[in-house]
Amino acid sequence: MNNNTWKKFYDINAPHYDEEIFTTNTPHEVEFLLREMPLHPGMKVLDLGCGTGRHSIALAAAGIQVTGLDISTGQLAEAKKKAEKAGVDIRFIQADASDFSLDEEFDAAICICEGSFGLLSIGDDPLTHDESILRNLAAVLKPGAPLLMTVHNAYELIRHYSDEDIANGIFDPYTLTRVVRMNDLYPELDSEIMVKEKCFTPQELRLLLEKTGFTVDNFWGGNACNWRKQTLSLDEIELMVLCHLR
């Protein structure tokens, strides 16, 4: 039995995920990916943490050969229904991003809206979890393949916490992680779900990417619904990085 608490949450939340405000600008985001990575028809792209498939489906409609991987069976069920309705052929795989392997190579990868990166169960080690994800990506990407990610921006997140929160175990300044009781955000949940989220500074993320075989090309602000290659703002929830495998 998989005890990942993010899987538990997303399995329950799957039918309502596309109602979230940050899912409303998919066409613009996919245009951004096609232009800035860039992606071209016929390329093989891995969508890591694909969720309900909103980027996978739009990319497939643009002629991209997409494989979507996600830990949540509930979200993948929604993605498969949407792909069938859209008339696109996508391979969806249920797996943990920190513990997967595929016997093939991809021309590019995306890991958007955290897409498993920085999303930890209470017992996960924040110092190794995301390194494992990047090593798994490096193992399936071709040399030179681009990777675009959005992650939690540490500058924004830490502004919400105090020394009292640190003392109460809600925020850890050493690992830049916070503990979240999902029931506080989603009162309709019928059981308690506790998760951890890790945020990153650009320098920390650069060092982690370089350690795992990637070279950073650009850092931008990456707020959902507002991708425009802007300088990172301290108040932005997400940091975007475009890099490539060496």
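**Loops, rings and helices**

Tutor: Helices here are DSSP runs of H or I with at least four residues, strands are runs of E with at least two, and both are numbered from the N terminus. This is a predicted model, so to speak of local features we need pLDDT of at least 70, and side-chain atom pairs count only at pLDDT 80 or more, while totals for chains, interfaces and linings use all residues. Residues are numbered from 1 along each chain as its sequence is written, and side-chain values use heavy atoms, with hydrogens and water left out.

Student: Is I21 buried or exposed?

Tutor: I21 counts as exposed, at 68% relative accessibility. The cut-offs are under 20% relative accessible area for buried, over 50% for exposed and partly exposed in between, with a 1.4 Å probe and protein chains only.

Student: How far apart are the C-alpha atoms of I21 and C225?

Tutor: They are separated by 8.6 Å, although I21 and C225 are 204 residues apart along the chain.

Student: Ok, aromatics. How many aromatic pairs are there?

Tutor: The count comes to 10 aromatic pairs. Take W6 and Y10: their ring centres are 5.6 Å apart and their planes are at 25 degrees, so this pair is stacked. The rule pairs rings of Phe, Tyr and Trp (its six-membered ring) if their centres lie within 6.5 Å; planes under 30 degrees apart count as stacked, over 60 as edge-to-face and the rest as tilted.

Student: Where do W6 and Y10 lie?

Tutor: Both are in helix α1 (residues 5-13), four residues apart, which is about one turn of the helix. W6 and Y10 are both buried. Ring pairs also link W6, F9, Y10, Y17, F22 and Y186 into a cluster.

Student: Which lysines sit over rings?

Tutor: One of them is K44, whose charged end sits over the ring of F106, 5.6 Å from its centre. K198 lies over the face of F200, with 4.7 Å to the ring centre. The test is NZ of Lys or CZ of Arg within 6 Å of the ring centre and within 35 degrees of the ring normal.

Student: Switching to helix packing. How do α2 and α3 cross?

Tutor: The axes of α2 (residues 26-36) and α3 (residues 54-61) come within 10 Å and cross at roughly 60 degrees. That makes α2 oblique to α3. Angles under 35 degrees count as roughly parallel, over 145 as roughly antiparallel, 65 to 115 as roughly perpendicular and the rest as oblique. The axes are lines fitted to C-alpha atoms, for helices over the stretch in contact, and angles run from 0 to 180 degrees between N-to-C directions.

Student: Which handedness does the α2 and α3 crossing have?

Tutor: α2 passes α3 in a right-handed crossing. Right-handed means the near helix is turned clockwise from the far one by less than a right angle, left-handed anticlockwise.

Student: What about α5 and α9?

Tutor: Their axes come within 9 Å and cross at roughly 45 degrees, with α9 covering residues 202-211. That makes α5 oblique to α9, and the crossing is right-handed.

Student: What span does α5 have?

Tutor: α5 (residues 129-140) has 12 residues and reaches 18 Å from its first C-alpha to its last, close to the 16 Å expected at 1.5 Å a residue. The expected span is 1.5 Å times one less than the number of residues. Buried residues in α5 include I133, L134, L137 and V140.

Student: Now the backbone. Where is the cis peptide bond?

Tutor: The bond from M37 to P38 is cis, with omega near -15 degrees. P38 is found in the loop between α2 and β1 (44-48).

Student: Which residues have positive phi without being glycine?

Tutor: Among them is E114, with phi near 70 degrees. E114 lies in the loop between β4 (108-111) and β5 (119-121) and counts as buried at 8% relative accessibility. K229 has a positive phi of about 60 degrees; K229 is found in the loop between β10 (214-221) and β11 (238-245) and is partly exposed, at 40% relative accessible area.
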